[in-house]
Amino acid sequence: MVICFLQAFPSQSPGNFSDARPFRGRVLPERLSRLLCTRVARMTRSAPRIMATALTALLTACAVSQSPAVAPTPLAVGPEVVFHNGTILTMEDRQPQAQAILIQGDRIAVVGSDAEVLAHAGPGAAIIDLQGRTMVPGFIDTHTHRISWVDFGGYETYHAAIQAALEQGWTGLHELDINEGFLDTLRALDAQGGLRLRVAGYLGINSTSWDQPVGDRHTAYQPTIYSPYLRLAGTKIFMIQGTRLYTDQETLSQLVRRLHDDGWQIAIEAVDSQTHQVVLNALEYALQDASNSTYRHRIEHAVAITDQQLARMAEIGIIASIQLNLPASALGDRRLHQLVEQEPQGSVARWRDLIQAGVPVIGNSDLPNGLDMEEIYGPPPGAPIRLLYRAVTRTWADGLPPEPWMLDQAITAEQALRLMTINAAYATFEENTRGSLAPGKLADLVILSADPLTIPAGRDLLNVQVLVTMVGGNVEWCMPGHERLCPGTTRRSDAE
Ligand SMILES: [Zn+2]
């Protein structure tokens with residue numbers, strides 16, 4: 001893995017590979033604590049935030065506790081599936097890789113070596129040989145308009161947009177600008193079982209313009225978990241068109257403060273460094289020295305950031321929500337060039353700097369923005385594998401090689417995976433229920449044709465195929481010809 005990466009980027013240090021740890025087998029908690037942990041995990045999902053925090057602490061204790069191995073006693077919680085003989089990239093620091101995984105109903109029960117996991121499978125379990133293929137947590141696109149702007153994306157129906165997302169490996173989407181009508185649509189889809197992946201909606205506060213006064217849309221709602229598939233997660237504030245700021249510091253600060261005090265998570269746009277200044281001031285005004293880890297306000301795009309702003313973001317823990325297909329998304333080639341010219345040297349798209357500074361970073365597509373960029377080879381624009389390739393190689397959308405400043409800020413495949421899985425789950429307070437593959441978590445996962453961490457970081461990455469997408473233990477995408485990898489073929493809509 002390290003060798004491949006160093007060959008591709010001879011001028012770079014191995015970076016985060018230094019903390020890669022050898023695989024160690026996991027000792028299972030005994031049956032009672034497993035039962036308790038499963039219960040706590042379920043409660044955490046549906047509990048109000050304060051209660052959820054306490055439950056989350058319990059759940060963490062569950063994950064950490066290691067009691068001596070006991071005789072296997074499978075829980076009777078639905079159909080069992082074992083995937084074995086694979087490379088399981090868990091995104092868990094304690095156990096980054098495993099060979100096998102046991103799923104019971106909608107949850108992951110055991111992750112470990114083939115022998116450990118198979119020993120815990122009940123007599124009726126489906127046993128599936130991965131034959132060396134790779135499993136990763138289901139991808140979460142933390143900034144998209146894939147369903148809400150369904151026409152713009154070229155899909156005829158919501159179902160088609162959802163199907164396309166599942167085929168690409170997405171098991172979760174953050175819809176970054178929804179209104180009352182679209183929220184009703186999502187709730188109706190969810191009630192019919194048509195929402196086959198998990199959607200977090202962010203209520204648009206000012207539509208795409210400040211030309212009209214900010215409405216009071218948000219006062220009629222509050223952050224709500226409607227079901228395991230749908231939540232109203234937060235609010236979205238638009239700030240810019242081109243490079244023009246829509247508003248002044250005082251207006252923005254008061255708006256952000258009001259939303260914050262009403263209990264909303266806020267996702268707010270910033271592209272240029274001037275906007276970052278205004279946005280950071282407003283967020284600091286609302287937070288009043290509190291750590292953002294409790295509120296998880298996020299800056300969307302986060303493109304041009306000065307050293308001083310970077311330090312502020314790290315200190316407060318502001319989430320940087322970046323488009324891994326940059327340049328593309330809302331920022332095409334021409335605007336990116338303008339930005340590079342107008343901003344201080346080294347301040348544009350500083351992804352590696354953000355990660356190294358300790359800023360919580362999430363990666364996304366902003367689809368269907370950027371759909372017009374020409375990407376002729378490999379998976380479609382906005383697919384997680386495409387984003388991974390772009391993040392690692394920094395190749396332009398049309399295949400042109402990266403400029404030196406872009407390559408300086410390239411991230412590793414492992415980092416890119418984290419931004420679309422466990423970090424993405426953090427952005428909606430769900431890092432204890434999904435985003436990684438660990439006992440007690442939801443069985444949201446993807447089977448890939450190859451391991452993105454070990455193949456050369458070039459065009460070969462674009463050949464990695466999504467063979468299976470599973471959401472909550474249901475197979476929602478099974479690539480034709482790979483039915484052998486798909487237990488049952490229950491889809492959520494069939495099950496209900
Ligand atoms: Zn957007």
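1. Start with the middle of the protein: its largest nonpolar core has 127 residues, and the ones with the most contacts inside it are Ile101, Met135, Ala320, Leu388, Val392 and Ala416. Helix H12 (residues 384-393) gives this core its largest share, six residues. The core also draws at least three residues from each of domain 1 (2-137 + 440-495) and domain 2 (158-426). A nonpolar core here is a set of buried Ala, Val, Leu, Ile, Met, Phe, Trp, Tyr and Cys residues joined through C-beta atoms within 7 Å. The domain bounds come from an automatic or database domain assignment.

2. A word on what you're looking at. This is a predicted model, in which local features need pLDDT of at least 70 and side-chain atom pairs count only at pLDDT 80 or more, while totals for chains, interfaces and linings use all residues. Residues are numbered from 1 along each chain as its sequence is written.

3. Now the overall tally. The protein has 16 helices and 21 strands; these are DSSP runs numbered from the N terminus, with at least four residues (H or I) for a helix and at least two (E) for a strand. Of its 496 residues, 50% count as buried. Buried means that 20 or more other C-beta atoms lie within 10 Å of the residue's own, exposed means 12 or fewer, and partly exposed is in between, with C-beta atoms placed from the backbone. Among contacts with a separation of 6 or more, 72% come from residues 24 or more positions apart; a contact needs C-beta atoms, placed from the backbone, within 7 Å.

4. Which strands pair with E17 in the parallel sense? One is E16 (residues 298-301), over three bridges, with Ile299 and Ala320 as bridge partners. Another is E18 (residues 361-364), over four bridges, where Ser321 is partnered by Ile362. Two strands count as paired if DSSP finds at least two bridges between them. E16, helix H9 (residues 307-316) and E17 also make a right-handed β-α-β unit; right-handed means that, with the strands pointing away from the viewer, the path from the first strand over the helix to the second runs clockwise.

5. Back to Ala320, one of the core residues with the most contacts. Apart from neighbours within four places in sequence, Ala320 is in contact with Ile299, Ala302, Met313, Leu354, Val359 and Val361.

6. Pro360 sits in the loop between helix H11 (351-356) and E18. Is Pro360 buried or exposed? It counts as buried, because it has 21 C-beta neighbours inside 10 Å. Pro360 and Ile318 are 42 residues apart in sequence, yet 6.8 Å apart in space, C-alpha to C-alpha. Not counting residues up to four places away in sequence, Pro360 touches Gly317, Ile319, Asn423 and Tyr426.

7. There's an open sheet of four strands, in the order E5-E4-E1-E6 and with mixed pairing. E5 (107-112) and E6 (126-129) stand at the edges with a single partner strand each, so one side of each has no neighbour in the sheet. From one strand to the next, the twist averages 15°. E1 (residues 80-84) and E4 (residues 100-104) run antiparallel and are joined by four bridges, with Phe83 opposite Ile101.

8. An open sheet of six strands, also with mixed pairing, runs E3-E2-E7-E19-E20-E21. Its edges are E3 (97-98) and E21 (474-478), each with a single partner strand, so one side of each is left without a neighbour in the sheet. E2 (residues 87-89) pairs with E3 in the antiparallel sense over two bridges, and Ile88 has Ala98 as its bridge partner.

9. Finally, some backbone details to check. The peptide bond from Leu367 to Pro368 is cis, with omega near 5°, and Pro368 lies in the loop between E18 and H12. Asp289 has a positive phi of about 75° although it is not a glycine; Asp289 is exposed, with 6 other C-beta atoms within 10 Å. Phe429 has a positive phi too, near 60°, but this residue counts as buried, with 22 C-beta neighbours inside 10 Å.

Notes
Contact = placed C-beta atoms within 7 Å. Axes fitted to C-alpha atoms, helices over the stretch in contact; angles between N-to-C directions.
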